[in-house]
Amino acid sequence: MTDVLGDQTTRELAERAATLLRALGADAPEPGALAARTPITGGQLMTLSASSLDEVDAAIGRAATAFESWRTVPAPGRAAVVRRLAELLVTHKFELAELVTLEAGKIGAEAAGEVQEMIDICEFAIGLSRQLYGRTMPSERPGHRLMETWHPLGVVGVISAFNFPVAVWAWNTAVALVCGDTVVWKPSETTPLTALACHTLLRRAAADVGADPQVHQLIQGTAEVGARLVDDERVALVSATGSVRMGQTVAPKVAARFGRCLLELGGNNAAIVTPSADLELAARAIVFSAAGTAGQRCTTLRRLIVHADVVGPLLERVEKAYRQLRVGNPLEDGVLVGPLINERGYAGMRAALDQAVADGGEIVCGGERVDGFGDDAYYVRPAIVRMPAQTAVVREETFAPILYVLAYHDFDAAVALHNAVPQGLSSAVFTRDQREAERFLAADGSDCGIANVNIGTSGAEIGGAFGGEKQTGGGRESGSDSWKAYMRRATNTVNYSDELPLAQGIRFE
């Protein structure tokens, strides 16, 4: 394989990463055993010290101590930290976005969009700080008031994944802070530099408004570090984003100690395209949803269920667009598809394609590794695969740009096919038939947490609660009333009379 980028480019990227960290206010990290690599070349940018288990314990302790006073700060006062963070993110938007590109391989537009999501959730959380509403209910007892109030929960442990190295942290942290919680963050071990930058910005935001910087703690390292966070009884809520396998490990451990979990796990997302659909609109949405971020989004479109009458013309449009996608260095203008995160991602894609062909599938286009980026960088052409049926490999989530195409004849059968996977995150239908649209959104339609009409499966807005059902974990982050996951509820009864009546008319005299 020709090494076009190579060691010299890696050195240049390492120097750029160091420059960006300084611009974001972060001190040069202490060298250690944790390697920060770039998928652009596969080379090492620098090393960092991983957190020891004792350091994890100490970080949780600092967060627990900070919570004692942080929870008593009025919510609008807590929002001052988030407001200042938003201002810093606006100022440093493109430096942080470039660091995301270096470490996660996203193209510039997507990286900048991710930082914009951080700004948006900060704005949402600032408004939320004045809307942590309880409710008052009529009491059956004279002279009594019955109400529900919400209070800070405690220490929130955030475990995030490489594909959205900063946005998911911000979703959790901005909301948790205004709710009165403190945060301990364990980022993906593949994106430690973006984590260091975000931690620095938040600590600076807290200092700028006179708040306790200890409300946020950063721990870095492998799964062992995350496991220590999960097991600690001082952590009231564990919000974890990652694979189904990871969730199957985390959830029982947290449940065993009666903690809370907020899980955002796998997504095997599908779109149904009906005969009445606008095929040009559908094709554009499909290409972005399936090929964006090199297929490494939890909301990536992985299954395309198309009516037999339009599968030919739709596939022709999508294939044409796929063949025009520019795959390459995400720092270059005009590139639409960057690299896979590492060799493991590429190996998973190749294994899935081989199995799909063995199951009778036909690769329409894509799937090849793109040469010219070095032996340790993994660039691939997004693949389209026609499948005769929804086989086991189609029912699995492969975190790579593979789009499986299946034909259908009956809409009810298409919905059933759509739902016949273990995951339940995002979904879409393309139709101009109001009955089909409503059927898809009905109780017996899509079984996903996100169901869209005439837009793709990716690109969720922060105003709506984000998350899914089944093996996706059932959690909800970001907008709507997702704040309730970060708080505890109390039911209060106030007796302002001189009597002591009991509920349900019970007399005890």
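Biologist: Is valine 90 buried or exposed, and what is its relative accessible area?

Modeller: Valine 90 counts as exposed. The cut-offs are under 20% relative accessible area for buried, over 50% for exposed and partly exposed in between, using a 1.4 Å probe and protein chains only. Valine 90 belongs to helix H3, residues 75-91, and its relative accessible area is 52%.

Biologist: Before we go on, what kind of model is this, and from which number are residues counted?

Modeller: This is a predicted model, in which local features need pLDDT of at least 70 and side-chain atom pairs count only at pLDDT 80 or more, while totals for chains, interfaces and linings use all residues. Side-chain values use heavy atoms, with hydrogens and water left out, and residues along each chain, as its sequence is written, are numbered from 1.

Biologist: Happy with that! How many helices and strands does the protein chain have?

Modeller: Helices (H or I, at least four residues) and strands (E, at least two) are DSSP runs, numbered from the N terminus. Counted that way, the protein chain has 15 helices and 21 strands.

Biologist: And why is the protein chain said to be as compact as a globular protein of that length; what is its radius of gyration?

Modeller: The radius is taken over C-alpha atoms, and the globule rule is 2.2 Å times the number of residues to the power 0.38. For 509 residues that rule gives 23 Å, and the protein chain comes close to it, so it is as compact as a globular protein of that length. Its radius of gyration is 24 Å.

Biologist: What share of the contacts with a separation of 6 or more comes from residues 24 or more positions apart?

Modeller: A contact means heavy atoms within 4.5 Å. As background, buried residues make up 56% of the 509 residues. Of the contacts in the protein chain with a separation of 6 or more, the share from residues 24 or more positions apart is 75%.

Biologist: Which residue caps the N-terminal end of H14?

Modeller: A polar contact is a pair of N or O atoms within 3.5 Å; within protein, one must be able to donate a hydrogen and the other to accept it, and residues adjacent in sequence count only if both atoms are side-chain atoms. Here a side-chain oxygen lies 3.2 Å from the backbone nitrogen of aspartate 412. That oxygen belongs to the capping residue, aspartate 410.

Biologist: How many disulfides does the whole structure hold?

Modeller: A disulfide is a pair of cysteine sulfur atoms within 2.5 Å. The sulfur of cysteine 198 is 10 Å from the closest cysteine sulfur, in cysteine 122, too far for a bond. Likewise, the sulfur of cysteine 448 is 12 Å from its closest cysteine sulfur, in cysteine 298, again too far for a bond. The search of the whole structure gives a count of 0.

Biologist: One more: what is the phi of serine 478?

Modeller: Most residues other than glycine have a negative phi. Serine 478 lies in strand E20, residues 477-478, and counts as buried at 2% relative accessibility. Its phi is positive, near 75 degrees.
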